[in-house]
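Have a look at the model first.

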Amino acid sequence: MALRNILEFGDKTLNKVCRPVKDFNKRLHILLDDMKDTLLDAEGLGLAAPQVGVLRRVVVVIDINKEAEYEEDKIIELVNPEIIYTEGEQEGMEGCLSLPGEFGIVKRPNIVKVRAFDRYGQEFEYTGEGLTARCFCHELDHLDGHLYTERASRMLTPEELDEMRGDAE
C-alpha cells in the first residue's frame, strides 16, 4: 500500500462537501488501505478521505476501546457513514492531522452510533464511546467540509499545551 499526503489547513479541498461512494470496487479498497497506512504512519486516531485529497464519503477511525493485538485491527472503515444516534456529552481537547500542533476544546456526544457500509457494500452499524465517539463526529464533519476549529469553544495556547504535556518549568 501507499502513504498519501495529508492536506493541511488552508487547502480548499478540506472545505468541500464529499460525494457518496457508489462503486465498491478495487479503487475504493486501495483508498481504504492507503488511508489506514497513512493514519497509522501519522499516529492519528482518524482520517477522512478529503484529508488525502479524495472528495468521497470515506473515513477510517481507530477504536481505542476495541480488543485487538495489533493497532491496524482496531481500525473501523466507514463508507457513506451517517450518525444515527447520540447520547450524553463530553468536552475535551481535540486536534487534527490537517492542523498539526493545534488543539482546541470541543463538546461532542459521549456515545455515537453510525450506520455505514464496509468496503464490499455491506451495511452495518457501530457504536463508539468516549474518544471513539469524538472521532466519529470529527471525521464525519470533514465529509461535509468542516474542521473542528469551527466547533471549538476556544483554541489552546502553546503555553497551555506545554503545561498539559508537562513541559512547563
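## The second largest pocket

The second largest pocket holds about 310 Å³ of space. A pocket here is an open set of points on a 1 Å grid over the protein atoms alone, where a 1.4 Å probe fits and protein lies on both sides within 12 Å along at least five of seven lines; lining residues have an atom within 4 Å of a point. The volume is the space filled by probe spheres set on the points, which are joined across faces, edges and corners.

Its lining includes Arg4, Lys22, Asp23, Arg27 and Arg56, along with Pro20, Val21, Asn25, Leu28, Leu31 and Val54. That splits into 5 nonpolar, 1 polar and 5 charged residues (nonpolar: Ala, Val, Leu, Ile, Met, Phe, Trp, Tyr, Cys and Pro; charged: Asp, Glu, Lys and Arg; polar: the others, Gly among them).

This is a predicted model, where local features need pLDDT of at least 70 and side-chain atom pairs count only at 80 or more, while totals for chains, interfaces and linings use all residues. Numbering runs from 1 along each chain as its sequence is written, and side-chain values use heavy atoms, leaving out hydrogens and water.

## The largest pocket

About 410 Å³ of space sits in the largest pocket. Of its 21 lining residues, Gly44, Leu45, Gly95, Cys96 and Leu97 lie nearest the centre. Helix α2 gives the largest share of the lining, 5 residues.

## Out at Pro158

Pro158 belongs to helix α3, residues 158–165 (helices are DSSP runs of H or I, at least four residues, numbered from the N terminus). Pro158 is exposed, at 56% relative accessible area (exposed means over 50%, with a 1.4 Å probe and protein chains only). Its C-alpha atom is 9.2 Å from that of Phe103, 55 residues away along the chain.

Definitions and conventions: Helix = DSSP H or I, 4+ residues; strand = E, 2+ residues; numbered from the N terminus. Buried < 20%, exposed > 50% of the residue type's maximum accessible area, 1.4 Å probe, protein only.
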